[in-house]
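Please load the model in your viewer and keep the selection panel at hand.

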Amino acid sequence: HTHGAQPLYSAQVLFRSSDNSHESRVNTTFGVRTVSSEVGAASKSFTLKINGHPIFLTGGNWITTDQFLRFSNSRQRYFDEMKLMANAGFNSIRVWGGGIAETRQFYEAADEVGMLIY
């Protein structure tokens, strides 16, 4: 959200058996980004680039705010929390490895807000 528009694209994929007796459709939304890094020759400092543009990561650690998973499927709850973090100046969130695996709704909210998740 701090580095311009982050367009998302939609795709629908149809899977069909060779004898046409079964088919299944999948709808998905995705973004296309190039992520790279470099170390400065003189400073030895690390720089992260998104789509060729250097960014300064400002963010924090994410540990689920709903320990009992009562609202873990709430798209609106995740969106509201992402907006709070974006409004606080975050452009990235580190998902703590010792916590739960976050839901699809979490990542969709991050995509919508433009939050980098690592």
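Contact, as used on this tour, means heavy atoms within 4.5 Å. The model is predicted, so local features need pLDDT of at least 70 and side-chain atom pairs count only at pLDDT 80 or more, while totals for chains, interfaces and linings use all residues. Residues are numbered from 1 along each chain as its sequence is written, and side-chain values use heavy atoms, with hydrogens and water left out.

**Confidence.** Colour the chain by pLDDT (the predictor's confidence in each residue, from 0 to 100). The chain mean is 87, and 97% of the residues reach 70 or more. Helices (H or I, at least four residues) and strands (E, at least two) are DSSP runs, numbered from the N terminus. Confidence is highest in strand E1 (residues 9-16), at a mean of 94, and lowest in strand E4 (residues 46-50), at 87.

**Helix H1.** Select residues 75-87, which form helix H1. Its 13 residues reach 18 Å from first C-alpha to last, close to the 18 Å expected at 1.5 Å a residue; the expected span is 1.5 Å times one less than the number of residues. Buried means under 20% relative accessible area, exposed over 50%, and partly exposed in between (1.4 Å probe, protein chains only). The buried residues of H1 include Tyr-78, Phe-79, Met-82 and Met-85. Among the elements covering the buried residues of H1 are strand E6 (59-62), strand E7 (92-95) and H2. After H1 comes Gly-89, with a positive phi near 100°.

**Glu-81.** Within H1, select Glu-81. Is Glu-81 buried or exposed? Glu-81 counts as buried because its relative accessibility is 17%. Leaving aside neighbours within four places in sequence, Glu-81 is in contact with Trp-62 and Thr-65.

**Second largest pocket.** A pocket is an open set of points on a 1 Å grid over the protein atoms alone, with protein on both sides within 12 Å along at least five of seven lines; a cavity is a set where a 1.4 Å probe fits but cannot get out, and lining residues have an atom within 4 Å of a point. Select Leu-8, Thr-28, Thr-29, Arg-75, Arg-104, Glu-108, Asp-111 and Glu-112, the lining of the second largest pocket. This pocket has a volume of about 150 Å³, a volume being the space filled by probe spheres set on the points, with grid points joined across faces, edges and corners. H2 gives the most to the lining, with 4 residues.

**Cavity.** The whole structure holds 1 cavity of 30 Å³ or more. Select its lining, including Trp-62, Val-95 and Trp-96.
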